[in-house]
Amino acid sequence: MALNFHAYANPARFMMLSRRLVAPIAMIAGVLIALGVYLALWGSPPDYQQGDTVRIMYIHVPAAWLSLLCYTVMALASATALVFRHPLADVCAKSAAPIGASFTFLALVTGSLWGKPMWGTWWVWDARLTSVLILFFLYLGYLALWATIEEPVRAARAAAVLALVGFVNVPIIHYSVVWWNTLHQPASVFRIGGPTIAPSMLAPLLIMATGFTVMFVALLLLRMRAEILRRRVRSLRLAQAGFAGGGREA
Amino acid sequence: MARKLTRKQKRATFIVLGLAILGGAVALALFALRDNVVFFYSPTEISERGLGVGQRIRLGGLVEQGSVKQAGPATIHFTVTDLKDKIKVTYTGILPDLFREGQGVVAEGAIGPDGVFVADSVLAKHDEKYMPPEVAAALKKSGEWRPEGATGGS
């Protein structure tokens, strides 16, 4: 990369840049999602087999993609944190986790609501559903690790290792429907030989997916800003406690 | 060749090697457990493995065209095929909305002494194709319609 990565990874500069970026990015996300919802509910045809129930797809599929994207961002940030010991990488990984957990939860719930009318069951223990549930637990475990270890540096390191170990699950989720017989159908968009979904349904799906991705970026920046401020408050408190006569817990 | 690695390079190597070893271990474990990870067996797999009478299994495949017969108030007979082999199924209960001839299905139950699979639950499995009804009708009209087969064997 020709860009000087470290110039943008400086927390102070990040705060300055992100402050200006959050609002416009959030607005783009809002417009895309509003357009996507309109197309999903009114501007797209029902499915030849599933009828109107297929509209769950426009929430379910982007949420599922984002659950994997968030985890990938978290794992990359964790690797960067472990190798380069850069403070922003830790902040990024920690901030992505709750967003990813929410998308995973959304994918699980909408999938369940979709499964009941179409498959005839809320839940089955097939490879796809089970591996996504494991992803959800990985997110929860990651968050729990941050919450239990009080000292931030040690918490960051333990959490980063967990994030990297759990990354093994991401390709398993993607290929679960190819490697094994599952009740869940195979991929319709990211597959060899092109999408098997009509263009009039693919367009709203991709708009929703883009909207969700932009929303993720906005939320991530917002959470990272909050996390940096929280750390500043913490170090100020510690310094204050030090002045006030040493050793007193803030 | 013994150029000394910097600490960053050492940490990066450690992470890459660790992930590779972990990935390999998980791959081996999943390969060993592959029979338990599959959600259902196709009719061909059932006959190849000699899965016998009374064993609880899930049978997956396509509902054969023209095979669905009502045999009682809530009992139906149908045939599940993977386009190579087929098994007769009988089921009493409520069917999912998507259950129809030519569509994917997963039935849970056991093969009876007469060779008929007695299911106590039937789930519909749909394929990865999504299209509006007009497009499906147009494809059928123009003869471009390819009834599924993609889900049957895989």
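These legends accompany several close-up views of a predicted model.

**View 1. Chain A meets chain B.**
Welcome to the meeting place of the two chains, where 42 residues of chain A are in contact with 36 residues of chain B. How much area do chain A and chain B bury between them? The figure is about 3,400 Å², with 64% of it on carbon and sulfur atoms. On the chain A side, look for A:Y48, A:W180 and A:N181, which lose the most area to chain B. Together these three residues account for 23% of what that side buries.

**View 2. Polar contacts across the interface.**
Staying with chain A and chain B, this view turns to the pairs that join them. The rule finds 15 residue pairs in polar contact across the interface, both residues having pLDDT 80 or more. How many salt bridges does the rule find across the interface of chain A and chain B? The count there is zero.

**View 3. The side of chain A that touches chain B.**
Which elements give two or more residues to this side of chain A? They are α3 (57-84), α4 (87-118), α6 (152-166) and α8 (199-243) of chain A. Of these, α3(A) gives the most, with five residues. Sorted by class, the side of chain A that touches chain B has 27 nonpolar, eleven polar and four charged residues.

**View 4. Aromatic rings, with A:W179 and A:W180 as a pair.**
A search of the whole structure finds ten aromatic pairs over all chains. For A:W179 and A:W180, the ring centres are 5.6 Å apart and the planes stand at 85 degrees, so this pair is edge-to-face. A:W180, in contrast, counts as buried, at 9% relative accessibility. Elsewhere, A:F105, A:F136 and A:F137 form one aromatic cluster.

**View 5. B:D82 and its polar partners.**
B:D82 is found in the loop between β3 (75-81) and β4 (86-92) of chain B. Its relative accessible area is 7%, so B:D82 is buried. Which side chains does the side chain of B:D82 contact? One is that of B:S42, in a polar contact of 3.3 Å. Another is that of B:T44, joined to B:D82 by a polar contact of 2.3 Å. For a sense of scale, the C-alpha atoms of B:D82 and B:G109 are separated by 18 Å, and these residues are 27 apart along the chain.

A:R85 is not a glycine, yet its phi is positive, at about 55 degrees. You can find A:R85 in the loop between α3 and α4 of chain A. With 41% relative accessibility, A:R85 counts as partly exposed. In chain B, B:L83 also has a positive phi without being a glycine, with a value near 75 degrees.

Key. Residues numbered from 1 in each chain as written. Chains lettered and ligands numbered in written order. Predicted model: local features only at pLDDT ≥ 70, side-chain atom pairs only at ≥ 80, totals over all residues. Heavy atoms only, no water. Contact = heavy atoms within 4.5 Å. Buried area = accessible area lost by both parts, 1.4 Å probe. Salt bridge = Lys/Arg side-chain N within 4 Å of Asp/Glu carboxyl O. Polar contact = N/O pair within 3.5 Å; in protein donor to acceptor, adjacent residues only side chain to side chain. Helix = DSSP H or I, 4+ residues; strand = E, 2+ residues; numbered from the N terminus. Nonpolar A, V, L, I, M, F, W, Y, C, P; charged D, E, K, R; others polar. Phe/Tyr/Trp six-rings, centres within 6.5 Å; stacked < 30°, edge-to-face > 60°. Buried < 20%, exposed > 50% of the residue type's maximum accessible area, 1.4 Å probe, protein only.
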